[in-house]
Amino acid sequence: MSFRDYAPAPESTAILNLRPSYALYIGGEWTDGRGGSMTTISPATEKSIAEISLADASDIDRAVAAARKSYDTVWSRMSGAERGKYLFRIARLIQERAREFAVAETLDNGKPIRETRDIDIPLVAAWFFHYAGWADKLDYAGLGPNPSALGVAGQIIPWNFPLLMLAWKVAPALAAGNTVVLKPAETTPLTALMFADICEQAGLPAGVVNIVPGLGGVAGQALVEHAGVNKIAFTGSTGVGRQIARTLAGSETRVTLELGGKGANIVFDDAAIDEAVEGIITGIFFNQGHVCCAGSRLLVQENIQDEVVEKLTRRLSTLRLGDPLDKNTDIGAVNSKEQLARITAITATGEAEGANRWTLDCELPSKGFWFRPTIFTNVTTSNTVARDEIFGPVLSVLSFRTPDEAIVKANNTPYGLSAGIWTQNASRMLRVADSLRAGVVWANTFNQFDPTSPFGGYKESGYGREGGRHGLAAYLANGGAR
Amino acid sequence: MSRLAIPKTYKLFIGGKFPRSESGRTTEVSSPTGSFIANVAKASRKDARDAVVAARAAWSGWAGASAYNRGQVLYRVAEMLEGRLDQFVAEIVESTGAKPADARAEVSAAIDCLVWHAGWTDKFAQVHGGANPVAGPFFNLSVPESTGVVALVAPSVAGSSLLGLVSSIAPALTTGNAVVVLASELAPCAAMTFAEVLATSDVPGGVVNILTGSVDEVAPWLASHADVNAIDLTGAGREIAVECERAAAETLMRVVRPGTFGPTESAFNRIAAFVEIKTVWHTKSLA
């Protein structure tokens, strides 16, 4: 028995009160969709959780009509202060039911309970609490006096932070006075549907929030193409982002896109190495690397490369992979079979292209979708694992000699979402941060999120910001470009 | 005895120089009464690409200049334009048939537009950025930065040819973008004379590049160019704007749709349309 052999400490699922099946939540009512149904499963066990009704184009039509009706008759006529009070209520209800949501999210997504309990769900509450206070202060948003809402917002969110992405979309939209039709991701609809319960408990007027699970190619596309939608907010892949931008060309619909990334995490030789190692691990192994802003490219100064990689592998070897509901678990399951196949394929390509592969030696559960944390060294800038977003627990290590070289390599990507800098030299930190073409830069930290802090990308990582005052512009008239 | 005048050869403005179109093509420009004014250069795809290369090369220097410096340079452009006020009035009157008083009002407004933007350079980051009170021991700041290379389709509005051009260029320059401008087909001569103003105003070569020619032909090349970061379609016709927006989707280029801003509008949000917000987190500790 080694020090790693903890006794299991699983979080109980008794707190859940799930229904065997979920319909669509449209206009304050649960109605079956016409797009068939699917079973949402736990990626850690492949066991089914619930049957989910799916929306087709006619359901999207109904949802948009319900959102429009509530916008016209209730929400746009309500004072900002009253709107804000509904959002405060939602924030409080989320806090009250935080553990229940954390367990459900871990079950449906596969991420460790430690993360849903300590990061995802607390941030959801914080996001609603932050934007609640904005609802009656829109004059201070920097868009001129009395800025008007856009109307109906169509929102399409990914599976990596299911409820948190809902909060990032719904909270600012409602605060700004819009009503929403939200389509959760195919593999993680559960907490969005539970959120409908929160809306009910908050007494939110019917139709202000509509939740419509469905397939991206059916419900998602219908929402994007719907003439009654004034605004599309999408978080997901750059490929789908391009399609959305193309579809909406020539329309009046406003768009914000939060897309992929290939973040550089730059470690200089004057960094606090042990802290940097923790940051590198947080940067790429948080949420199994299913993070658009992950620090997936480690750029380490050549003279400390061996030391950093050695410490990194040693530290990684102490991480625990397994049951996401276990409170000791650091690394959970990959979200889906498809994503696992993608990670497996791209890492095989990286190896074939000449990179050296190191994989954590650990046991994998017999059921579910799992991928061992992997580090590639000897990676060239042209290697697929240095260029393509993997969206999994895979780190590519590249080296540099001078700060200028680090900056050039960090910016050598069509993406521009995040970057990290590790140095104890504050002047160098500020100068490098200035030169990085990325929307979020973490210096001597990584993967920090806060509702007051704008988040979003440069270049092909999308446009628009979420969070803080800047996040309001996406949901108000006079917001500028598209 | 009358003296024979020396007419100007109108060329393109790329990288601080005045080359002819590599295509050798020109378009005849006449006054409303039908008299010949000039053969202006008709830019090609190659010219557009050269202009993007020049803009990209100039961008980092301009974006990296201090806000105070950019403000002084923009103010210098206003000074140079003021000095040539009569020349612009005469050219606008000749080419459009406008009343001299109206032409004078337009040029004056263009000068004032530049002064307004000159004053914004060192205030914009303060107003549009901010300190974020995050729930943790972090120093967290959001600042606007220039988007990069911006393509501008200058509006073609009768009676506002110069003002429309200046109203397109100034907001992008304020925060440090480098631009490639497709001049209005209604007023190519005024655009190229404005290039002379820029060339004598301490604006680094390549920060502003001006092309004359067919907007419908060249704008889609710029919209599909992988090294262009944003495109302002204020002056594009409906059909070409849709084509450009669709092409821009491939690189997720930022797009300002026609009608977002008035053709001669100066607005804070027009400056904000060509910036990216960068948020930097830094740990705080006594260790």
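## Start in the core

This is a predicted model, and our first stop is its largest nonpolar core, a set of 115 residues. Select A:Phe128, A:Leu166, A:Phe195, A:Val209 and A:Ile211, the ones with the most contacts inside that core. Now colour helix H5 (residues 162-175) of chain A: with 11 residues, H5 gives this core its largest share. Next, colour domain 1 (21-259 + 459-475) and domain 2 (264-443) of chain A; both supply residues to the core, so the core lies between them.

Zoom in on A:Ile211. Setting aside neighbours within four places in sequence, A:Ile211 is in contact with several residues, among them A:Leu24, A:Tyr25, A:Leu166, A:Pro184 and A:Phe195. Then hop over to B:Leu74, B:Ala78, B:Val203 and B:Val256, which are included in a second, separate core of 54 residues.

## On to a strand

Go back to chain A and pick strand E10 (residues 254-258). Is E10(A) enclosed or open? Here 5 of the 5 residues are buried, so the strand is largely enclosed by the rest of the structure. Show the side chains: A:Arg254, A:Thr256 and A:Glu258 point one way, while A:Val255 and A:Leu257 point the other way.

- Strand E9 (residues 231-235) of chain A pairs with E10(A) in the parallel sense over 5 bridges; look for A:Ile232 and its bridge partner A:Val255.
- Strand E18 (residues 462-463) of chain A runs antiparallel to E10(A), with 2 bridges joining them; A:Leu257 has A:Tyr463 as its bridge partner.

Terms used:
Residues numbered from 1 in each chain as written. Chains lettered and ligands numbered in written order. Predicted model: local features only at pLDDT ≥ 70, side-chain atom pairs only at ≥ 80, totals over all residues. Heavy atoms only, no water. Buried < 20%, exposed > 50% of the residue type's maximum accessible area, 1.4 Å probe, protein only. Helix = DSSP H or I, 4+ residues; strand = E, 2+ residues; numbered from the N terminus. Pairing = 2+ DSSP bridges. Core = buried A, V, L, I, M, F, W, Y, C linked by side-chain atoms within 4.5 Å. Domains from an automatic or database assignment. Contact = heavy atoms within 4.5 Å.
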